[in-house]
Amino acid sequence: MCGIFGCIIRDGQAVKLITDGLKRLEYRGYDSIGVATLLDGELHVRKDMGKLEEVVEGQRVNEMMGSIGMGHTRWATHGAPSMVNAHPHMDGSGNIALIHNGVIENYMELKEELIEKGHTFVSRTDTEVIPHLIEEELKSDIGMKGAILRVLRRLKGSYAVVVLSTHEPNRIFCARHESPLVIGVSDNGTFCASDVPAMLPYTNQVAYLRNGEMAVMSLDGYEIVKVIDGSAVERDLEEITWSLEMAEKQGYTHFMLKEIYEQPHSLRNGLRLQEQYLNLLTQFLDMGKEVLLTAAGTSYHSCLAASYIFSKLSRLTTIPVVSSEFIERYGSTVGIDSIVLAVSQSGETYDTLKAIDHARMRAGTVLGITNTVGSTMTRVSRAYLIQQSGPEIGVAATKTFTSQVMVLTQLAMRLAKQRGKLSQDELDEYEKKLKLIPDWVETVIENSAEAIEALAEKYQDEKLFLFLGRGISTATALEGRLKLLEITYVPSLAYPAGESKHGPISIIEDDVACVFVCPRGETHAHIIGSIMEMKARGARIISICEEGDEEVKRLSDDAIEIPKGIPEELSPVPYVVPLQLLSYHLAVLKGLDPDMPRNLAKSVTVP
Ligand code: F6R
């Protein structure tokens, strides 16, 4: 998501360090840049949309003076990329500047409250409420630290924030909850950044802020307190031994691995959807005579998983269709009664945009789910939701799939509620389980990472893989297979398990690897039948199954266990994670670069 850098230094101009720091945060992806410095008790802010060099040149950022300042690279989540939406954001008096990474869930109610008190807002961001809230709290004369603490206690959602103010011009205030923030100290001063690489050329002595902590930085170092009660926290500096390149990947060997491990975090963000848009999309879905889900690649697999979820939870029939086939297949029937829900991480995929254009031309209603605010998809959709997974750099989509499924599931649940298709108890139960998904994914990663690495070693010379799942797990199997194909180039097939005896079973002979996705649920008995069929023909069975599923484990050569209690309808997210990791390790063992598979582009913007 957004990148943050702040510093207070003894010698030199802060702006030089800030722009260098932002340069090293560029790999996170961004659409706008902003810098603030404090000089002689006055705040100076320059910002704009565009690449770092363009904004630095266009806004003459290098001319900004002062030994204390901060900079921001923005990845839009609320409000399109534009100069006014770029950070820093100011309070009404112009004495407080703030940069933010994260999503403030309750910003609408806070904004209404502030508007009633006479505040005016210039941007469409969630962030702008924070400096205004600080301005309000300062009226009770409690100083910057006290005011910021009070405000932080009111925020719901995720944040890493850095605040500069003319009220206390020799200090930087920063805090975090669920978005990363690290503090660094050198002989020349004190730094904060969303990632170590930004400050690595100046210091390798760092202290990580933890959730719910705030730090007050000065030339003398830093003081950390807990947001909840203002109590002091002792945190010693630690030494970073990573190279700059390693630090960009936060110590992971590849972006793909980093992004797989990031999923608990991106999924928590995916639970913070904007209520009004969730409701709006739900209403449109409820109105349509037919609902077509369209996307390409991984995003299509999200649609396929969603078609099961819409059917089971909301009793809505949806038709998933690969976007490159959309016009041929439904182009002459789509019309005024059709809802077309298009899904695209980039929001720029050519085929998906073509399908959207066609549907709009025939008066269909187009809804979108994308990761990219300001993308073409957000401009051409009637209403859209942002999947909130942050920039994905690895070419193979990982957190994209899990976040999209998370968003689509929330839509299905909202629709089920609106249509009265589930009882309140059932809805509450799904809601409870949905919130547990990020934790489950965390557990899967923690518990199975080593076992999957060993599995990859065992199967590294395998010539052919077959991925099978039944029901919603068909989508999981297809996505697991796509990952393998993309980054290891090993031939593979994926099928609904029940379909395997209508053809794919013919390729089974001794030692062909069969990967079964088998959560507990309605499909369980059938999938056991399929495992037996394959095993009887000599296949080696790898299962992704529920913890303690002895029946499946007995039939399998290798099994990766997923925590108990996950409803089958919610299984694709935790069950796909071992498949992502397996492909990753197989690619590395083959000496391939999983971040840059041959012949593939992150965003396919051509026919
Ligand atoms: C798979 C992958 C691609 C994309 C596809 C659609 O790992 O990355 O298959 O999923 O190109 O891209 P978006 O979602 O940007 O439309």
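**Group meeting: sheets, strands and cores**

Let's start with the open sheet. Seven strands form it, in the order β5-β6-β7-β8-β12-β13-β14, and the pairing is antiparallel. Strands here are DSSP runs of E with at least two residues, helices are runs of H or I with at least four, and both are numbered from the N terminus. Two strands pair if DSSP finds at least two bridges between them. At the edges stand β5 (89-90) and β14 (232-233). Each has a single partner strand, so one side of each is left without a neighbour in the sheet.

A word on the source. This is a predicted model, where local features need pLDDT of at least 70 and side-chain atom pairs count only at pLDDT 80 or more, while totals for chains, interfaces and linings use all residues. Residues are numbered from 1 along each chain as its sequence is written, and side-chain values use heavy atoms, with hydrogens and water left out.

β5 pairs with strand β6 (residues 96-104) in the antiparallel sense, over two bridges. Met 90 stands opposite Ala 97 in β6.

Next, β23, residues 513-518. Is this strand enclosed or open? Six of its six residues are buried, so the rest of the structure largely encloses it. Buried means under 20% relative accessible area; exposed is over 50%, partly exposed in between (1.4 Å probe, protein chains only). Side chains in a regular strand alternate between the two faces of the sheet. In β23, both faces are covered. Ala 513, Val 515 and Val 517 are buried on one side; Cys 514, Phe 516 and Cys 518 are buried on the other.

Which strands pair with β23? Strand β21 (residues 465-469) does, parallel, over five bridges. Leu 466 stands opposite Cys 514. Strand β24 (residues 540-546) also pairs in the parallel sense, over six bridges. There, Ile 542 is the bridge partner of Val 515.

Now the cores. A nonpolar core is a set of buried Ala, Val, Leu, Ile, Met, Phe, Trp, Tyr and Cys residues joined through side-chain atoms within 4.5 Å. The largest has 81 residues. Among those with the most contacts inside it are Leu 285, Phe 310 and Phe 465. Helix α15 (residues 424-458) gives the most to this core, eleven residues. A second, separate core of 28 residues includes Ile 104 and Met 144.

Last, Thr 73, in strand β4 (residues 68-74). Thr 73 is buried, at a relative accessible area of 0%.
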